[in-house]
Every structure is written in C-alpha cells, then in structure tokens.
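Student: I have a structure open and would like to learn how to read it. Can you take me through some features?

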Amino acid sequence: MKRWIGGALILLMIGVLVLRGREADDRFERQIYSMGTLVTLTLRAPDRSPEALAALVSEVESELNRYQQRWSVRGSGALAQLNATLEESTTVPVPATLLPLLRKAKTVAEDSAGTFDPGLGRLVQVWGFDDAEHFRDAPPDRAVLTVAKRLPHRLTETTLQDGRLQAEKPGLMLDFGAIAKGAAVGAALDVLKQAGIEHAMVNAGGDLQVIGHAEGRPWRIAVRHPRPPADAPRLLVGIELQDGEAVFTSGDYERYFEFEGRRYHHLLDPRSGEPATGAQSSTVIHDDPALADALATALFVGGVEQFDALVDQFALEFAMLVDAEGRVHATAGFMDRADWLADVEFAPDADAQ
Amino acid sequence: MKTTPADVALIIGLALIIGTLYARYWSPNAAPPTHALIRVDDAPARRVPLHVNDRIVVTGRLGDSVLEVRDGRIRFASSPCRRKVCIRSGWMHDAHDATACLPNRVTLSLAAADPHYDGVSQ
C-alpha cells in the first residue's frame, strides 16, 4: 500500500510540472516593411500598454526608413549622392551620417583578403541583383561585364582621410548591401533599448539580433538548411542566443536565377566580379550586427579555402560554413552550441576549427 | 524484490510522462505551425489556419499571388513576379519559416501557438 501511495505521489508531482506548462506568453509582435525586406519586431514588456508598444514600433520603423534612405544605392539619399559624385570625380566628402559605417566597412574589406568589398556596386547593378523587381534571366553580356570590371570596384583601393574618400579614378560605385542591414538591425535595437525595453528581437528577413531573453529561457533561433531534402524540415541547426547576440546568414538561395543548369546568386566575389562558388551558406554569431552581416558575406565568398584564416583574422568564436558540397565547417564554439536538426555531413575536424 | 502492480503502473506512468515531456519541450518538431500570416504591403496580416486545405488569392502590387495550403503546409503556387523565387521556395512547414514575393509585396510566415524557435536565420 505504501508503494502505491509513493508512486502516486511521484506521478502527481511530475504531472503538475508537465501540466503547468510554460509561463504566459507576454510577447508583442509587429511586422514592418523596410530595408527591402520584412522586419519582425518581438518585444517583451508586459508593463507597457499595446498602444505604447505600437508607438515604439513606429519609432523603429522611422529609424529603419532613415537607414534605407541613407544607404540606398538608388534615389536621392546620402549614399546615392556620394556615388553620383564618385561617378565623375575621384574625391568626395563623406557625410557624417555615412562615415562610421563606411570606416567599419573599409576596415573589414582591408582585413578580409578581398572576400568583402562594398566597392562592387556597379557589378551588382550589371548582374541585376540590385533590384528585386527586375532580376535577370541570364548572366549579363560578357562585354558589359568586362567593362564594369575595368572600372574601379574596390573600397580597399581608396583612401579615407579627414572625412574625404579618394578613389584612384572616377567610376567607383559603393553598395553597402552586405553590411547596412546589420547596422540597421543594431540601430532598431538601440531605439528599443533607449526606450527601456529589456527583452526584444529584431528580425530583418532572417538576419536578427536579440536583447534579454524569451519567456523564462534564452531566445532560440534556427538556421535555415540551404538545401533541405524534399518534404523535410527546412531547418539545419538550432542555437540559443545570449543577451546582445546577432545571427546573420548568407545563402545562395535568396536572390538568384538559374541559367543552363547553373545557379547565379547575388553574393558576388569582389575578386572575380562573379557569383562566389565555394559555399551554399554561412552563418556568423557576433555582438556587433554590422560585423556579423559583413563577415557572413566574407565567409561565404571565401569558402572552405579561407574559412580558417577569416575565423582567425576576426577572432570569430561562432561561425559556420556549409560548403558547395553541403559539408558543414564550424568553429569549436559553434559546435558546442549547435543543436543539429537535420542529417549533417561534417567536414573533417569541423569541431576543431 | 517482487514486482508489484504498483511498480508496473509507476513505470508505465513515468514512461508516458517522459514521452510527453520530450515531445513538448525537447523535440525539434515539438511545435508544428498552426497558422500562416499573409501580409500584403503594409496591410495588417491575414491569419490562415494550416489544418484546412485551401487556395488563397491575394492581390499585391503586380497582381494576384495564389497560395496553397495542404496538409499543414503552405506554398506560393503562382505569382505574377518575373523570377518566381517565391514559388521556388517550395512548401513551408516549420514555425517561423518565412518567404516573400517582394516584387508583389506579399509575405508569408508560419507561426505556432507554442513555437520551439523564436526566429529563423536565413
């Protein structure tokens, strides 16, 4: 009889734990269009009214739209005007609003062995990846591409001094598409932090940063599988994020076209002016979202050959590359945190990199 | 020691509870999406249940995009955009998975009542 009672008590205790479930969900979620993508804001601030949070979302939207205007290659924003000057001139004063990110981008470009360079704006334009509404069906005419490659297309070959950018010759066109979204995500979170929000996630089309935590646990994110098997989950790996961490993934599945059996995607190799061929996707976790954005691109372009060197150069603790054959390369730190959600073929010594 | 009916009941009960706990908290597929959020331009999102097979027509900037719901999944079946990137995204069946037809300004994201992941990096 005593054993019946003991067993029943144990079952009762566990049952209570199971049925209690998770804490009440206190999330406030809104989606806005900006930076050419859908931005999802998830806030946890149960002490604020929905109206107050909606007003905060409007502030974030305004900030993102300022970023979009400022960093757009087209239109009349600061970068578009700077590019218009560079079209005819070799020297241009850099507006104060552009200077910090331009300086950061230049540093990454100079340290990344040619795998990241915002100077390839004209090549992006020739390939047609600058405009989602007018993607090409086929690679550009080789003669046009050759002319574009002859024009200046490297920020590393410029000088930035006393707030002025000097190119070797006219024709340089800057495109910060591989770093500005990261900076914008960080700016959006800054707006929320300044308003006293302690727990939030900003997710700009799959590139995201978090502060605080979710309900009683860390924020959990999954990384998309670049080549998911048919009818299988599209997720490759799950990760729990710490306060302030950003996760950026670059993949060849987002903006691309196929021509004669080959995939041409938007991640151009600045060294060749052609789509990079060494990877299917790359992921970087970092406290600086702009760096995470830029370095995810650099790792993708560098492929397997430059993965270790780039990881060392930028002291990346948490990085992963899915190479062109679908094998996973990852830092030891990434491997320690990874919860694999698909069958994965690891490159030799993947956990020792 | 002799096994009694109480021991058997306890073992069965614990096995059931452990199975429930695993399915609910640890399995990656613990939280299948329950609905899709379809959004056109800046309009409020339309919520579509995934347990009802359906074809949904939404009108965006370029014209009509057709979304197909089948067996708990959803996909772009047709769209007026040129590159058809949205259609090539295929079926979506994971919570927080998302895709979009940016030229037509139609976005699609999956949500679960109790999602295991808070977002998908892609």
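Student: Where do we start? Which residues of α4(A) are buried?

Tutor: Keep in mind that this is a predicted model. Buried means under 20% relative accessible area. In α4(A), the buried residues are A:Leu99, A:Leu101, A:Leu102, A:Ala105, A:Lys106, A:Val108 and A:Ala109.

Student: What covers the buried residues of α4(A)?

Tutor: The cover includes the chain A helices α2 (50-71), α7 (180-194) and α8 (289-313). It also includes the strands β4 (159-161) and β5 (164-166) of chain A.

Student: What span should helix α4 of chain A have?

Tutor: Count 1.5 Å a residue. The helix has 13 residues, 99-111, so it should span 18 Å. Its end C-alpha atoms are 18 Å apart, which agrees.

Student: What comes just after α4(A)?

Tutor: There, A:Ala113 takes a positive phi of about 50 degrees.

Student: Where is A:Asp162, and is it buried or exposed?

Tutor: A:Asp162 sits in the loop between β4 and β5 of chain A. It is exposed, with a relative accessible area of 76%. A:Asp162 also has a positive phi of about 50 degrees, although it is not a glycine.

Student: Now sheets. How do strands pair?

Tutor: Strands of a sheet pair through backbone hydrogen bonds, either parallel or antiparallel. Here, four strands form an open sheet, in the order β18(A)-β9(A)-β8(A)-β8(B), with mixed pairing.

Student: Which are the edge strands?

Tutor: They are β18 (339-340) of chain A and β8 (119-121) of chain B. Each pairs on one side only.

Student: How many bridges join β9 of chain A to β18(A)?

Tutor: Two bridges join them, and the strands run antiparallel. Strand β9 covers residues 235-241. A:Val237 has A:Trp340 in β18(A) as its bridge partner.

Student: How do I read the two faces of a strand?

Tutor: In a regular strand the side chains alternate between the two faces of the sheet. Take β10(A), which is covered on both faces. On one side, A:Ala246, A:Phe248 and A:Ser250 are buried. On the other, A:Val247, A:Thr249 and A:Gly251 are buried. That is six of the six residues of the strand (246-251), so it is largely enclosed by the rest of the structure.

Student: Which strands are joined to β10(A)?

Tutor: One of them is β7 (207-211) of chain A, joined by two bridges and antiparallel. A:Gln209 stands opposite A:Ala246 in β10(A). Another is β15 (279-286) of chain A, joined by six bridges and also antiparallel. A:Val247 stands opposite A:Ile285 in β15(A).

Student: What about charge? Which side chain of opposite charge is nearest to A:Asp293?

Tutor: It is A:Lys181, 6.7 Å away. A salt bridge needs the charged atoms within 4 Å. A:Asp293 is buried yet has no salt bridge. It is found in helix α8 of chain A. Leaving out residues up to four places away in sequence, A:Asp293 touches several residues, among them A:Gly177, A:Ile179 and A:Phe248.

Student: One more. How far apart are A:Phe259 and A:Ala138?

Tutor: They are 121 residues apart in sequence and 5.7 Å apart in space, C-alpha to C-alpha. A:Phe259 lies in strand β11 (256-259) of chain A. At 27% relative accessibility, A:Phe259 counts as partly exposed. Beyond four places in sequence, it touches A:Asp137, A:Ala138, A:Pro139 and A:Tyr264.

Key: Residues numbered from 1 in each chain as written. Chains lettered and ligands numbered in written order. Predicted model: local features only at pLDDT ≥ 70, side-chain atom pairs only at ≥ 80, totals over all residues. Heavy atoms only, no water. Expected span 1.5 Å × (residues − 1). Buried < 20%, exposed > 50% of the residue type's maximum accessible area, 1.4 Å probe, protein only. Contact = heavy atoms within 4.5 Å. Lys, Arg positive; Asp, Glu negative; His and termini not counted. Pairing = 2+ DSSP bridges.
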